[in-house]
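Q: I have a structure open and would like to go through it with you. Can we start with the terms?

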Amino acid sequence: MKDPSCLFCRIVSREIPADIVHETENTIAFRDIAPQAPVHVLVIPKEHVTSLATIPDNSEALLGQLMAAVRDVASIEGLEDSGFRTVLNTGPDGGQEVMHLHAHVLGGRELMWPPG
Ligand code: 5GP
Ligand code: ZN
């Protein structure tokens, strides 16, 4: 269900423009507006889900579809062999700013670990 106050729901409904790189029935992926790496794509469920902390028990299919979309984005962006990082920030300490579940896909350069 769409939340009209949610930025990412408004990207799903095309009210706010985004550079979309991949789309399925239940997911959409677009470039981060403030990229932290040469490739920085956000993969989200079209359905409004707030975060990993509150995801319902019956979300297995949705989460599987999200991860399959991450795989496809990595392939589209040419990251299959070089590798990439997938990050799901959750809540204040996790640095989550947009309260609509999203996976960051980062790649195109060697990434530092731990992230700090
Ligand atoms: P978080 O900090 O919640 O894990 O990540 C939110 C991400 O959304 C940030 O990396 C931020 O740059 C990105 N972002 C915020 N507003 C917009 C926007 O309007 N469009 C796009 N494409 N990305 C956004
Ligand atoms: Zn939303």
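A: Helices (H or I, at least four residues) and strands (E, at least two) are DSSP runs, numbered from the N terminus. By that rule, C9 lies in helix 1.

Q: What kind of model is this, and how are things numbered?
A: This is a predicted model, in which local features need pLDDT of at least 70 and side-chain atom pairs count only at pLDDT 80 or more, while totals for chains, interfaces and linings use all residues. Residues are numbered from 1 along each chain as its sequence is written, chains are lettered from A and ligands numbered from 1 in the order in which they are written, and side-chain values use heavy atoms, with hydrogens and water left out.

Q: Is C9 buried or exposed?
A: C9 is buried, with a relative accessible area of 2%. Buried means under 20% relative accessible area, exposed over 50%, partly exposed in between (1.4 Å probe, protein chains only). Leaving aside neighbours within four places in sequence, C9 is in contact (heavy atoms within 4.5 Å) with K2, D3, H48 and H100.

Q: And C6, where does that sit?
A: C6 lies in the segment before helix 1. C6 is buried too, with a relative accessible area of 6%. Beyond neighbours within four places in sequence, C6 is in contact with H48 and H100.

Q: New topic: ligand 1. Which residues come nearest?
A: Of the 16 residues around ligand 1, these are D32, G95, E97, H102 and H104. A residue is near a molecule or strand if one of its heavy atoms lies within 4 Å of it.

Q: What about polar contacts there?
A: A polar contact is a pair of N or O atoms within 3.5 Å; within protein, one must be able to donate a hydrogen and the other to accept it, and residues adjacent in sequence count only if both atoms are side-chain atoms. An oxygen atom of ligand 1 is 2.5 Å from an N or O atom in the side chain of D32. For the side chain of N89, the distance from an N or O atom to an oxygen atom of ligand 1 is 2.9 Å. A polar backbone atom of G95 is 2.9 Å from an oxygen atom of ligand 1.

Q: How much of ligand 1 does the protein bury?
A: Ligand 1 exposes 520 Å² when taken alone, and the protein buries 83% of that. Those areas come from the Shrake-Rupley method with a 1.4 Å probe; for residues, only the protein chains shown count as cover.

Q: Tell me more about H102.
A: H102 lies in the loop between strand 4 (84-87) and strand 5 (103-107). At 6% relative accessibility, H102 counts as buried.

Q: Where is R14?
A: R14 is in the loop between helix 1 and strand 1 (20-23). R14 is partly exposed, with a relative accessible area of 45%. Phi of R14 is near 65°, a positive value in a residue other than glycine. The side chains of R14 and E23 make a polar contact (2.9 Å).

Q: Last one: which residues does a cis peptide bond join?
A: W113 and P114, with omega about 0°. P114 is in the segment after strand 5.
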